[in-house]
Amino acid sequence: MADGLVFNIQRFSIHDGPGIRTTVFLKGCGLRCFWCHNPESLSTLPQVQFFPQKCIGCGKCVEVCPKKAHAIDANGRREFRRELCRHCGRCVDVCYAEALVMTGKHMTVSEVMDEVMKDKLFYDNSGGGVTYSGGEPLLQREFIKELLVESKKNGLNTAVDTAGNVPWEAFEQVLPYVDLFLYDIKVMDPDKHRYATGVNNRQLLVNLQHLASCKANIWIRIPVIPGVNDNVPEMRAIADFVECLSGVEVVELLPFHRLGEGKYESLGMEYKARGYNSPSDEKMQELAEVFEQKNLPVKRG
Ligand code: SF4
Ligand code: SF4
């Protein structure tokens, strides 16, 4: 059986599809949305997060690192040269202050299923199930297919949360095992999309049209990002596209937030959405009305 790289398994999730769900987050993403609140999802490798405020300067990490990535100078100043790190995990194991945390763990399909099945009763009572998210879960193609096959064998409702920027074959191979796709749309204008996410939106829009023509159940998810799509013309362009698709059950508008900011620092990454504010309630309502006017069922996250 395949194994894959998982960075989180979140039980009792109520925002990733219907009912109570377990959301399994797979590592790796081809997009670089500058506001991403899961920066630990982007890399396809495990990563060490460093939280300097928790460090007690014990020096254990310095002793065990075979790559000399950690250092403490004569003044007690701490240095972590993460470019040297080969993610062996030794420093994480000896850091009792939990200033070092490994994000990303290789798991087998049966290990993931053991976790997921713990809450089967809650899924059955709430109409929930399991959601595979990321990053972009369809990048780990063999792994997600096997996870979905096992999920269906275990009688679970399945959802896949995707940005769609993968070859169509990645959808084709999971299609029979997915009850619901949560499909992100950011912005329709290709140049703006490239600026905001680092990639062109052609492939993901074509895949979405194709998915709809296959009679898949789809929830559209739109993160509302200041300066990118928080205006009526942009939302109207998305609504025009969505109203031509069959199988769209809900359009969800998800307001930008800065909850992921601290994670960027812990990973040594630049946070490019610093200073951005969440859209107001009035703004979210104004944007929701664009979809209501077209009789598209819209939900605000
Ligand atoms: S092991 Fe942890 S607490 Fe000790 S110096 Fe290293 S990072 Fe700091
Ligand atoms: S994970 Fe291994 S290589 Fe990376 S910093 Fe820690 S001990 Fe060094």
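This is a predicted model: local features need pLDDT of at least 70, side-chain atom pairs count only at pLDDT 80 or more; totals for chains, interfaces and linings use all residues.
I number residues from 1 along each chain as its sequence is written, and I take chains lettered from A and ligands numbered from 1 in the order in which they are written. Local features need pLDDT of at least 70, side-chain atom pairs count only at pLDDT 80 or more, totals for chains, interfaces and linings use all residues, and side-chain values use heavy atoms, with hydrogens and water left out.

**Backbone.** I looked up the peptide bond between Gly134 and Gly135 and found it cis, with omega about 15°. I placed Gly135 in the loop between strand 8 (129-133) and helix 5 (141-153); helices (H or I, at least four residues) and strands (E, at least two) are DSSP runs numbered from the N terminus.

I then checked Glu98, a residue other than glycine with a positive phi, near 60°. Glu98 lies in the loop between helix 2 (90-94) and strand 6 (100-103).

For Asn295 I again noted a positive phi near 60° in a residue other than glycine. Its loop runs between helix 11 (281-292) and strand 13 (298-300). I logged Asn295 as exposed because its relative accessibility is 72% (exposed is over 50% relative accessible area, 1.4 Å probe, protein chains only).

**Ligand 1.** Which residues are around ligand 1? I listed Cys55, Ile56, Gly57, Cys58, Gly59, Lys60, Cys61, Arg78, Cys95, Ala97, Ala99 and Leu100, each with a heavy atom within 4 Å of the ligand. I sorted this shell into 8 nonpolar, 2 polar and 2 charged residues; Cys, Ile, Ala and Leu are among those that count as nonpolar, Lys and Arg count as charged, and Gly as polar.

Methods: Buried means under 20% relative accessible area, exposed over 50%, partly exposed in between (1.4 Å probe, protein chains only).
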